Amino acid sequence: MLNEALKNKITGLLPTATFEEGGEWLNIQIDPKDWLPFAQQLRNDSDLNFDYLFCLTCIDWKTHLTMVYHLSSTTHRHNIVIKAKLDRDKPEIETVSHIWRTADFHEREVYEMFGVHFLNHPDLRLLILPDGWEGKNPLRKDFEDPINMIKL
Amino acid sequence: MFEEVGTTTEGDIIINVGPQHPATHGVLHLVITLNGETIKKVEPHLGFIHRSIEKMCESLTYRQFIYVTSRMDYLSSHINNHACALCVEKGLQVEVPPRAQVIRVLMDELTRIASHELWWGAMAMDLGAFTPFFHAFRERESINDIMEETCGARLTMNYMVPGGVMQDLHPDFQKRVKEFLQLYKRKIHEYDELVTGNIIFQNRMKGIGYLSPEDAVSYGCSGPAARGSGVSCDIRKVYPYEIYDKLEFDEVLETAGDSFARYMIRLREMQQSIRIIEQLIDNIPDGDFQAKTKAVLKLPKGEFYQRVETARGELGVYIVSEGGTTPYRIKFRSPGFSNLSVLDHIARGSKLGDLVAMMGTLDLVIPDIDR
Amino acid sequence: MWSFSHIANELHEWLSSIFNPTWTLVIEMVLAGVAVIGLFAGLGLVLVLMERRVAAWIQIRLGPNRVGPQGLLQSLADTLKLIVKEGLTPNGADKLLFNIAPFIAMIVAMLLMAPIAFAKDFQLWDMNIGVLYVSAVSSIMVISILMAGWSSNNKYSLMGAMRSGAQIVSYELSAGLSILTIVVLTGSLQISDIIHSQATGWWIFKGHLPVWIAFVTFIIAVTAETNRAPFDLAEAESELTAGFHTEYSGMKFALFFLAEYINVFIVCAIGATLFLGGWMPFHIGNLTDFNRVMDYIPSSIWFFGKTFFMIFLIMWFRWTFPRLRIDQLLNLEWKYLLPISMINLLLATAMAILGWHF
């Protein structure tokens with residue numbers, strides 16, 4: 001499905017979604033509260049069939065956090081990017097690890113690196129960082145580590 | 001992290017495989033719950049070689065950060081560099097000269113063969129056969145020699161720059177690659193005779209670690225791990241980059257979904273890489289090896305994503321630019337990270353010895369997982 | 001003719017002429033003990049070096065070639081290193097069992113030396129139940145491995161020991177049954193009788209089909225019994241790091257290592273004795289000239305030649321095959337090897353009664 005058709009389809013599914021122009025793929029800005037039902041629709045709708053979550057990450061914009069989900073369909077070969085703006089002080093979003101199993105690990109990574117809480121995640125623990133790093137989020141822009149970080 | 005020792009309340013043994021263990025080929029730590037020899041649960045603990053490359057790249061310029069990525073998946077460092085170079089070029093909208101494109105693809109495919117050679121030897125060693133490791137290194141050495149001549153390094157080559165490659169090919173390059181192709185064709189039958197055809201090996205691999213196509217996609221598996229289940233996901237075919245759409249090669253697919261299918265995929269993929277090299281080695285166009293770029297690169301404000309196929313699967317480079325000389329945020333979607341997440345799913349219910357074989361077929365490179 | 005028996009007799013007469021019979025016996029026993037220990041150490045060094053050179057040859061590399069001429073002193077240097085290394089005992093280990101285990105392994109290996117005929121009339125103890133003694137004593141080996149695995153207080157060691165226990169106990173059956181085939185054909189358990197029964201031809205030629213089957217079963221079973229690849233599940237480097245001897249270091253590790261190689265030597269010597277005629281030279285029917293040339297080669301050369309040929313076979317297996325999984329290992333024994341060797345024993349019995357062998 002081409003970007004234009006995708007756009008129409010998605011507007012039908014979620015009228016509140018806004019679109020960003022200019023990217024290689026269709027960028028969809030959504031409200032975090034809509035994410036879980038919307039994700040289920042994206043996965044289960046036979047025209048969309050986004051079964052492959054190939055990238056899940058977060059960006060710290062200093063004022064807010066943005067969750068970025070890159071989705072692809074192995075049958076229709078189309079891609080979209082979903083973005084959800086989160087509050088920086090209390091970032092919370094529903095987990096999608098039961099829809100796309102790969103989200104389990106990726107969400108744990110985002111949890112420890114950015115401190116985003118994934119609601120209803122089955123096993124939200126530190127994955128990469130050692131014990132004692134809860135609450136310290138190294139990939140946030142204001143993270144300081146005077147010993148290990150070298151400023152160029 | 002280390003409190004999970006001893007036994008569980010049901011009397012199952014919990015053992016720690018790694019961070020120092022011969023089978024993990026690096027510093028991977030798996031906490032395994034065992035009932036006798038049968039695996040009940042595998043829980044990976046990562047981070048022993050986590051260097052936060054994503055954070056490091058945020059303070060490096062677009063010319064510098066490429067070389068840090070050689071240290072992610074060190075067995076396909078060319079391809080990592082290639083992905084980053086492509087992503088930066090996408091932002092700069094630079095046209096790469098045809099000679100550089102061909103050189104890049106040649107290097108990628110040589111790297112892929114070298115990586116699969118190493119995997120083949122290490123995989124056989126996981127199963128207790130030591131000899132294949134040395135036979136694999138015989139061919140891999142000649143690829144490393146070719147790399148050393150042209151790039152000046154044998155493992156982390158750092159050959160790609162935004163806009164092309166760093167320097168021109170060594171004058172002997174074509175001759176050496178042809179010699180390698182001959183050597184490879186003369187020796188490839190040994191691989192089948194020594195390992196693939198071995199009855200013990202086949203019994204250890206067939207029907208073990210079954211991964212269904214649905215699960216492969218859901219767990220985000222890519223590369224040979226997913227293609228072994230029949231999921232067509234070769235980025236070179238599906239979303240072609242560079243000159244892959246003009247080349248003749250097949251996407252290797254197996255449908256069995258077991259360890260043996262994943263093993264066969266890699267062996268057959270080496271043949272396809274040989275095919276690509278044969279098409280290109282006599283047709284390297286003349287011209288520049290590098291496009292003219294500014295000394296200081298600045299990407300326009302925006303987001304750029306590049307997917308490439310490394311030897312392990314799909315590598316994604318996601319650059320968020322604010323218009324400066326350094327990336328605002330960079331994310332590497334590493335193939336190993338997703339492939340590792342499926343290990344628990346496929347290992348449950350099988351024997352401890354098979355876990356090692358499954359880890360072998362997933363071809364885990366730990367720096368690639370931890371980044 | 002120059003032979004070991006000649007030397008032994010000379011020595012015996014010389015000692016008898018000086019001492020009374022009791023002291024002669026005591027001195028002879030001491031000498032035999034020293035000889036066994038010397039042989040033990042010497043064989044260990046030679047076999048380790050041989051293993052490394054064979055491995056290197058199979059793996060297209062050179063192997064040890066720096067220490068001494070052609071690297072011949074390499075294993076000596078390694079031994080020296082192991083002797084000066086500290087032998088650690090882990091804190092949680094059962095200290096007594098942990099320290100005894102390697103010695104039991106070595107004692108078993110030494111005991112097994114007794115009935116082996118190294119050359120014509122050169123045997124420490126030619127007991128009338130020689131073959132039975134070998135299979136009985138070699139099963140004590142499993143106790144040392146279980147002790148080592150249990151007392152290390154390490155889960156890898158424990159798993160290795162348990163695997164090894166299951167494996168050795170199972171494969172002993174096939175090894176025993178294949179040995180029985182020869183006992184049935186010979187009608188004696190005595191090693192010297194078995195060797196003399198092969199004066200007209202080795203059993204591998206005389207006994208045709210049943211003996212061939214028994215020989216193949218024997219090689220598979222003893223490879224498993226000595227915990228060598230492809231049956232090295234007790235050590236299983238890539239799964240259990242080092243299995244039952246994970247926690248051992250220094251000389252205690254070296255004793256396990258040595259015991260493993262001596263065991264390989266002994267099972268190969270038994271195999272050579274039972275199937276390949278021990279020290280009996282190779283004869284072809286009525287070719288008297290050829291046979292005379294063969295007789296001229298000393299019997300000890302025949303024995304060691306055959307034994308080392310079998311050791312080479314086992315090393316070849318090790319460096320070629322991948323490892324089996326534990327359930328496949330037990331399947332192979334209980335579902336294939338054991339039924340085959342039982343039927344084979346019946347076949348051999350029928351053959352012995354009907355006189356179908358040559």
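**Confidence, strands, helices and contacts**

Student: In chain A, where is confidence lowest, and which strand has the highest?

Tutor: Confidence in chain A is lowest in helix H1 (residues 3-13), where the mean is 78. The score is pLDDT, the predictor's confidence in each residue on a range from 0 to 100. Helices (H or I, at least four residues) and strands (E, at least two) are DSSP runs, numbered from the N terminus. Confidence in chain A is highest, at 89, in strand S4 (residues 64-72) of chain A.

Student: What pLDDT does chain A average?

Tutor: This is a predicted model, in which local features need pLDDT of at least 70 and side-chain atom pairs count only at pLDDT 80 or more, while totals for chains, interfaces and linings use all residues. Residues are numbered from 1 along each chain as its sequence is written, and chains are lettered from A and ligands numbered from 1 in the order in which they are written. In chain A, 97% of the residues score at least 70, and the average is 84.

Student: Which residues make up the covered face of S2(A)?

Tutor: Strand S2 of chain A spans residues 26-30. Its uncovered face holds Asn27(A) and Gln29(A). The covered face is formed by Leu26(A), Ile28(A) and Ile30(A).

Student: Which residue of S2(A) stands opposite Phe19(A)?

Tutor: Two strands pair if DSSP finds at least two bridges between them. Strand S1 (residues 18-20) of chain A pairs with S2(A) in the antiparallel sense over three bridges. The two strands form a hairpin with five residues between them, and Gly22(A) in the turn has a positive phi of about 100 degrees. Within S2(A), the residue opposite Phe19(A) is Ile28(A).

Student: Which residue in S5(A) stands opposite Leu26(A)?

Tutor: Strand S5 (residues 79-87) of chain A runs parallel to S2(A), and five bridges join the two. Opposite Leu26(A) stands Ile80(A).

Student: In S8(B), what is the bridge partner of Gly316(B)?

Tutor: Strand S7 (residues 314-321) of chain B is joined to S8(B) by five bridges, and the two run antiparallel. The partner of Gly316(B) in S8(B) is Arg333(B).

Student: How do the residues of the contact of H10(C) with H15(C) divide?

Tutor: Helix H10 (residues 208-225) of chain C packs against H15(C) at an angle of about 145 degrees, with the axes 9 Å apart; axes are lines fitted to C-alpha atoms, for helices over the stretch in contact, and angles run from 0 to 180 degrees between N-to-C directions. Residues including Ile213(C) of H10(C) and Leu347(C) of H15(C) make the contact. Ala, Val, Leu, Ile, Met, Phe, Trp, Tyr, Cys and Pro count as nonpolar, Asp, Glu, Lys and Arg as charged, and the others, Gly among them, as polar. The division is 10 nonpolar, three polar and no charged.

Student: Which element gives the largest share of the side of chain A that touches chain B?

Tutor: Two residues are in contact if their C-beta atoms, placed from the backbone, lie within 7 Å. On that basis, 27 residues of chain A are in contact with 29 residues of chain B. Strand S3 (52-60) and helix H3 (103-114) of chain A each supply at least two residues of this side of chain A. The largest share, six residues, comes from S3(A).

Note on methods
Buried ≥ 20, exposed ≤ 12 C-beta atoms within 10 Å, placed from the backbone.
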